[in-house]
Amino acid sequence: MKKIVTVLTVLAFQLGFSQASQIKIVESKKIELTSELSKDQLAIYNQSFIKFVTALKDSDTQAVNYLISDKVKHIVSDDVIRKLSGGISFERKTKVYKSGYQKLLDNETYPAIQYKYADDPSDPPRDIITVIFENDGKILGVKPEYSK
């Protein structure tokens, strides 16, 4: 009986550690981009972002799920999509402000683009949307930042 309890305890312990998620959500005010993306990469990622914004505007959850990375699908709920839709102004046109690579907590470096609204003449822009992509164009994260 003691052997069975010991084996079950060891298995439960290992199962508990194997279920730990590797992606962490962290609030960061400062985003530093290194180097720049090529024009071809910029075009691919920009097209993916435009499709994503259109899907958000249309509340098309299926299209949003298709455009986001598999790494974040388990944390993106309808509530997260609703909050993100409220953080992006669909009436204002966006344009690329900066592009480059962003290192995340998993020590991986991903392509990132910062968008500003075309009607914002200030430098640095008051409102920025930072989008982090996987190399295949899937969206890994979107962070709208607005001035107060």
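Me: Which element gives the most residues to the lining of the second largest pocket?

Reply: In this predicted model, the second largest pocket holds about 260 Å³ of space. Its lining comprises 15 residues, and Phe-49, Ile-50, Val-53, Arg-92 and Thr-94 lie nearest its centre. The elements that give two or more residues to the lining are S1 and H2. The element that gives the most, with six residues, is H2.

Me: Which element gives the most residues to the largest nonpolar core?

Reply: The largest nonpolar core has 25 residues, and Phe-52 and Phe-133 have the most contacts inside it. Two or more residues come from each of H2, H3, H4, S2, S3 and S4. With six residues, the element that gives the most to this core is H2.

Me: Which residue takes a positive phi in the hairpin of S3 and S4?

Reply: Strands S3 and S4 run antiparallel. Their hairpin has five residues between the strands, and the residue with a positive phi, near 100°, is Gly-137.

Me: Is S2 largely enclosed or largely open, and why?

Reply: A residue counts as buried when its relative accessible area is under 20%. Eight of the nine residues of S2 are buried.

Me: What is the bridge partner of Ile-113 in S3?

Reply: S2 pairs with S3, residues 128-133, in the antiparallel sense over five bridges. In S3, the bridge partner of Ile-113 is Val-131.

Me: What is the bridge partner of Lys-98 in S2?

Reply: S1, residues 94-103, pairs with S2 in the antiparallel sense over nine bridges. These two strands form a hairpin with five residues between them, and Asn-107 in the turn has a positive phi of about 65°. In S2, the bridge partner of Lys-98 is Gln-114.

Me: Why are the buried residues of H4 on the same side of the helix, and what arc do they cover?

Reply: The buried residues of H4, residues 78-87, are Ile-81, Leu-84, Ser-85 and Gly-87. They lie on the same side of H4 because, around the axis, they cover an arc of only 160°.

Me: Which residues are exposed on the other side of H4?

Reply: What covers the buried residues of H4 includes helices H2 and H3 and strands S2 and S4. On the other side of H4, the exposed residues are Arg-82, Lys-83 and Gly-86.

Me: Is Ser-89 buried or exposed, and what is its relative accessible area?

Reply: Ser-89 lies in the loop between H4 and S1. Leaving aside neighbours within four places in sequence, Ser-89 is in contact with Tyr-117 and Tyr-146. The cut-off for a buried residue is under 20% relative accessible area. Ser-89 is therefore buried, since its relative accessible area is 18%.

Conventions: Residues are numbered from 1 along each chain as its sequence is written. This is a predicted model: local features need pLDDT of at least 70, side-chain atom pairs count only at pLDDT 80 or more; totals for chains, interfaces and linings use all residues. Side-chain values use heavy atoms; hydrogens and water are left out. Buried means under 20% relative accessible area, exposed over 50%, partly exposed in between (1.4 Å probe, protein chains only). Helices (H or I, at least four residues) and strands (E, at least two) are DSSP runs, numbered from the N terminus. The arc is that of the directions from the helix axis to the C-beta atoms. Contact means heavy atoms within 4.5 Å. Two strands pair if DSSP finds at least two bridges between them. A nonpolar core is a set of buried Ala, Val, Leu, Ile, Met, Phe, Trp, Tyr and Cys residues joined through side-chain atoms within 4.5 Å. On a 1 Å grid over the protein atoms alone, a cavity is a set of points where a 1.4 Å probe fits but cannot get out, and a pocket is an open set with protein on both sides within 12 Å along at least five of seven lines; lining residues have an atom within 4 Å of a point. Grid points are joined across faces, edges and corners, and a volume is the space filled by probe spheres set on the points.
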